[in-house]
Amino acid sequence: MTRSLRSRLLWGLIPLQAALLALLLLLVIGTLWQAGFLLAPRDEDHVIDIVQRAVARDGSGRLVLQPTAELQRIRSEIPDLWFLVRDSQGGSLSEGAVPPDMTQIGAALDHISQARLGWQLFDDPRKAPVRLKRVDTAAGNVQILTATQGELSGRKALLATILVFLGLALPGFLLMTLATFIATPIVVRRALAGLSLVADQARQIDTHQRGVRLALTHVPAEITQLVATINDALSRLDEGYARHQRFVADAAHELRTPIAILNTRLEALPPSSERARLLEDVARLATLADQLLDIQRLEQNRNSFALVDLVALAQRAAADLAPLAIAAGYELAFNAEADRIECCGDANALERAVINLVQNAIQHGGRQGTISICVTPPATIEVSDQGTGIPPEHRALVFEPFYRLHPLNRGAGLGLNLVREIAHLHGGSITVFDAPSKGACFRLSLRPIQAAR
C-alpha cells in the first residue's frame, strides 16, 4: 500500500522532533547540573525519612529518638548532622547545631505540610537549603526541619528523571506533535498546489490533442525534473504519432492505385460467381483505404465547421445507399421529426458517419427486415436494423479500431471507430442499444446549434 507524502512526513517528523527535544533537554539539564543550578545529586529527604522512622515517645509522652541502625549510620557518616522535630503540642527535640534562625521558624509554619528554604537561582549553590516536612511517625504527626542531605538513591534518581520528563519533555512533545499534525497537511497542500494543477492538466489530455505540455510555473523545484521528463515523453509520443499518421496516410494513398487497377482488370473478366466475389473483396479494400484516409482528414480539418442540416444530410446518405440496401435484401426507411434540424460541424465527415452506420447495418442486419434512419431534435441521428443485435458486453468494444464482433467477418473493423472519432470531433457521442425491433440501434448525438454557439 502506497503511503501519502503527508503520512510519510508526519511519521518521519514526530520521532525526529522527539529525539531533538530529548537531546535539547539533556543538554540543558546537563549544563545546569554541572553549573550547580539544578538538582544536585543529593537527597534532601534522606535525613527526614530516617528521623521519621526513629521518632517515638517515652513513657511520659515526650518525643525521643530510637537508636535505629540507619540513624546510627548517618550520625557517623555526617559530622555536621542537625535536625529539629516538633509536634503539634509544642514538644520538640533536636540534634546537632541547629541554626538559631531556624529554631523559631517551624512554629510560624505549622500550617505548611512541606517547604524548601534556602538559596534561589543564581545564589551560591554551596549553601545547603533547609527542608521542612510534616510527616506521620510512631509519635504522631510531627514537623521535621533539617538542612542535612544524603546521597540520592537510584530509585529516587529515576523517579526524579521521570518527573522532569513528564513535567518538561512530555508537554513540549505533545504540543509539537499537535502542531505537526495541524501544520503538515497545510504545508503539503500548499507546496503541492502547483502539482495538483499539473495533474488536472494531465487528466484533460486525450488522444486527439497534440502539442500539449504540462505547465512548470507553480511546480515545486523538487518535482520540476519529473514534469519536464513527462513533457519530453509527450513530445516523443507526438512525434511517434505523427510518423504513424503519415505512414497510414501514405499507405492508404499508395493502396488506392493498385486497388483501382485490380478492380479494372476484374471488371474485364467474363461474368462469373468468382468474379463477383473478387469484385466484392476489392470493394472492401477500397472502402478500407477510404476509411484510413477519412481518419487522416479528420485530424487535418478539425476547424472546417459550418452550419449543417442533418435532415438533408441523412436523406442524401439514404438515397445513395438505398440500391445497396435493397440489393442485400433490406427495406430502407427514412424519418425526420422536423423539416430542418441543424448543427455546427463538418458536413462531409458527418455524412461519412451516417454512411458507415448504414453500411454496418447492411453488413450485420441479417439481410432481412428494415433498416431505419431517423433524425430527431435537437441533433440526433439513429440507424437501426432488425438483426440479432449486439450483446451488452461487446457494445463498448465495437467502436475500437479493427475490432470485429465475429472474427470471421470480412469487414475491416474501422467503420464504427471512424464514427466515434467523428462524434468526438463534433463534441458528441455514439451509443448502441437494443432497437424496438430487437436489432441494434446506433444513436449519433451531436451538439445542437444553440450549444455549439
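Trainee: Which residues does F442 touch, leaving out residues up to four places away in sequence?

Mentor: This is a predicted model, so local features need pLDDT of at least 70 and side-chain atom pairs count only at pLDDT 80 or more, while totals for chains, interfaces and linings use all residues. Residues are numbered from 1 along each chain as its sequence is written, and side-chain values use heavy atoms, with hydrogens and water left out. Contact here means heavy atoms within 4.5 Å. On that basis F442 touches L357, N360, I381, E382, V383, I390, F399, L416, I430, T431 and V432.

Trainee: Which residues touch the most other members of the largest nonpolar core?

Mentor: A nonpolar core is a set of buried Ala, Val, Leu, Ile, Met, Phe, Trp, Tyr and Cys residues joined through side-chain atoms within 4.5 Å. Buried means under 20% relative accessible area, exposed means over 50%, and partly exposed is in between, with a 1.4 Å probe and protein chains only. The largest core has 42 residues, and the ones touching the most other members are L310, L350 and F442.

Trainee: And which element gives the most residues to this core?

Mentor: Elements are DSSP runs numbered from the N terminus: helices are H or I with at least four residues, strands are E with at least two. Those giving two or more residues to the core are helix 10 (310-327), helix 11, strand 13 (370-376), strand 14, helix 12 (415-425), strand 15 (429-434) and strand 16. The top contributor, with nine residues, is helix 11.

Trainee: What span does helix 11 reach from its first C-alpha to its last?

Mentor: Helix 11 covers residues 347-364, which makes 18 residues. The expected span of a helix is 1.5 Å times one less than its number of residues. For helix 11 the expected value is 26 Å, and the model comes close to that, reaching 26 Å.

Trainee: Which residue's side-chain oxygen reaches the backbone nitrogen of N348 at the start of helix 11?

Mentor: Think polar contacts: pairs of N or O atoms within 3.5 Å where, within protein, one must be able to donate a hydrogen and the other to accept it, and residues adjacent in sequence count only if both atoms are side-chain atoms. After the other end, helix 11 is followed by G366, whose phi is positive, near 85°. At the start, the oxygen comes to within 3.1 Å of the N348 nitrogen, and it belongs to D346.

Trainee: How many residues apart in sequence are the parts tied together by E382 and R443?

Mentor: A salt bridge is a side-chain nitrogen of Lys or Arg within 4 Å of a carboxyl oxygen of Asp or Glu. E382 and R443 form one, with their closest N and O atoms 2.6 Å apart. E382 is buried at 19% relative accessible area, whereas R443 is partly exposed at 32%. E382 sits in strand 14 (residues 380-384) and R443 in strand 16 (residues 440-445), so the pair ties together parts whose separation in sequence is 61 residues.

Trainee: How many disulfides does the structure hold?

Mentor: A disulfide is a pair of cysteine sulfur atoms within 2.5 Å. The sulfur of C374 has its closest cysteine sulfur in C441, 8.5 Å away, too far for a bond. Both are buried, C374 at 18% relative accessible area and C441 at 3%. The count of disulfides is zero.

Trainee: Last one: which backbone nitrogens lie 3.1 Å and 2.6 Å from a polar atom of the side chain of D87?

Mentor: D87 is in strand 4 (residues 83-87) and counts as buried at 6% relative accessibility. D87 also touches R57, L63, N141 and V142, not counting residues up to four places away in sequence. The nitrogen at 3.1 Å is that of G90, and the one at 2.6 Å is that of G91.
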